[in-house]
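Hi,

Here is the structure I promised to pass on.

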Amino acid sequence: MRSLCFIQPDITKGTGGLKVLNLITKELVNDYNIHVVSLGFSGDKPAYEFDKAVKIHKLFDRDIRIREALIKGGISKLRKIYKQNHIDIAVSIGASMNALLIFAALGTDVKTVFCEHLNCLNSFVCDNSQKIMQKIGARHADKIITLTKQDMDAYIDKYNVKREKIDYIYNWVDDKLLKSESIYDENSKTLLSIGRIEPVKGYDNLLVVAKTVFSKHPDWQWHIYGSGDEEKVKLENQIKDLGLSNNITIKGFANNIYDLYKQYSIFVLTSYAEGLPMVLLEAKANKLPIVSFDCLTGPSEIINDGLNGYIVKCFDNNEMAQKICMLIEDKELRKNFSKNSYSNLDLFSKEKIVRKWKKLFSEL
C-alpha cells in the first residue's frame, strides 16, 4: 500500500482547506497509508476529527510562520517524516507550504503535488511571498492541482506550465448534506454568510450592503459564522458604529454548521477572492438561494446565474444589495431558486472527484 503525506500550516485551525483535507483523507484511508503533517500546532487538537487510521504529525508545538520554520529546521524535520514513513507522494494543501514540501523531498524518491487552495489571479491574496511559493510549486512540483478550470488556465498562462503537468479537481459536496434531504424554509427572514473573519472575506463590503438592505427591511437578520478573534472584535465595533447591532450577529466558529443552513433564507458571499468556496456548495446542497460576487475563483463555476442564485459584478455593493432585496421581497423567486439549487451539482459529486484523486496518485 502506497503512503501519502498531506501538509497543512496548522490543523488546529478550522479552515476551509483543512475541512477539504479531512474529507479527502476519509475517502482515501482504505487505499493508502495516510499521514497529515501540521507545520504548527497552536491548539490542543485538530479542528476536525480525522479517521483513526490517519497518522498525525506536527513539526512545531506552536503557531509558527513558514519563514521561521524553514530557518529552524522544518525541512529536515519533514524529510525525516518522509523517510521514516516511506512516503511515496507528498501533497501541499495551499501554496504557503510549497518550499517545505519540495525542499524536504530533494534527494528522496518522494513525488510532490502542489494543490492550490486559493488562486493565482487575485492580487488581494497573492502578496510577494505567496507569489514566490506559487512559482516554486509551478516550477518544481511534479504535479499541480487547482480548484477550478479558470485557475488551471491562469497557471498555464502565468507560469508557462505544461498542460500535462496540471489539472483541476473540484471539491465535492459532502454526502451528509445530500442525504439530509434539507427542506427550504421559505419563511425564514435571516441571511447567512460563512467564512473566516479576515479582510479577504470582504466583510467591509458586507456592511455596506447590509446598511442598504436593512434600511428597507429592518425586520430581517444577517448571521455570520467564522473564526478569528481579533478581527471579530474589529468587525463587531464596525457593526455597532453603523447602528446595525440589531440586525447583524457574529456567531463565531461552529462545528455543527451543516445543521444550521436549514435555518436560513439566503446565502451571501462577499469575498474578494476564493479558491473553490465550499460554503457555496454547502449552500446549494441545503437548497439556499445564493447571492455572490463574481470573485476569482469559483462562484461562476458553481452558481447558475438567474437560475439558483445571482452572480454580482465585483465589487458592486449597490447591485448586491439590490439582488438581495429582490429575493427578500419575492418569496416565489426564492422558492424557485431553491428548487433549482441542485442544477450542475453532479459536477461536484464525491464519486467523480475521488476517482480523479486516485487517478492522480496512480499516475505519479
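Below is what turned up around the aromatic side chains.

One thing to keep in mind: this is a predicted model.

Let's start with the ring pairs. The count comes to 14 aromatic pairs. One of them is Tyr 155 with Tyr 159: the ring centres are 5.4 Å apart and the planes meet at 35°, so this pair is tilted. An angle under 30 degrees would have counted as stacked, and one over 60 as edge-to-face. Both tyrosines belong to helix α6, which covers residues 149–159. They are four residues apart there, or about one turn of the helix. Are they buried or exposed? Tyr 155 is buried, with a relative accessible area of 0%. Tyr 159 comes in at 15% relative accessibility and also counts as buried, because the cut-off for buried is under 20%.

Tyr 261 and Phe 267 make another aromatic pair, this one stacked, with 6.3 Å centre to centre and 25° between the planes. Both of these residues are buried too.

Now for lysines and rings. Which ring does the charged end of Lys 323 sit over? That would be the ring of Tyr 310, with the charged end 4.5 Å from the ring centre. Lys 356 has its charged end over the ring of Tyr 168, 4.8 Å from the centre.

Cheers

Conventions:
Residues numbered from 1 in each chain as written. Predicted model: local features only at pLDDT ≥ 70, side-chain atom pairs only at ≥ 80, totals over all residues. Heavy atoms only, no water. Phe/Tyr/Trp six-rings, centres within 6.5 Å; stacked < 30°, edge-to-face > 60°. Helix = DSSP H or I, 4+ residues; strand = E, 2+ residues; numbered from the N terminus. Buried < 20%, exposed > 50% of the residue type's maximum accessible area, 1.4 Å probe, protein only. Lys NZ or Arg CZ within 6 Å of the ring centre and 35° of its normal.
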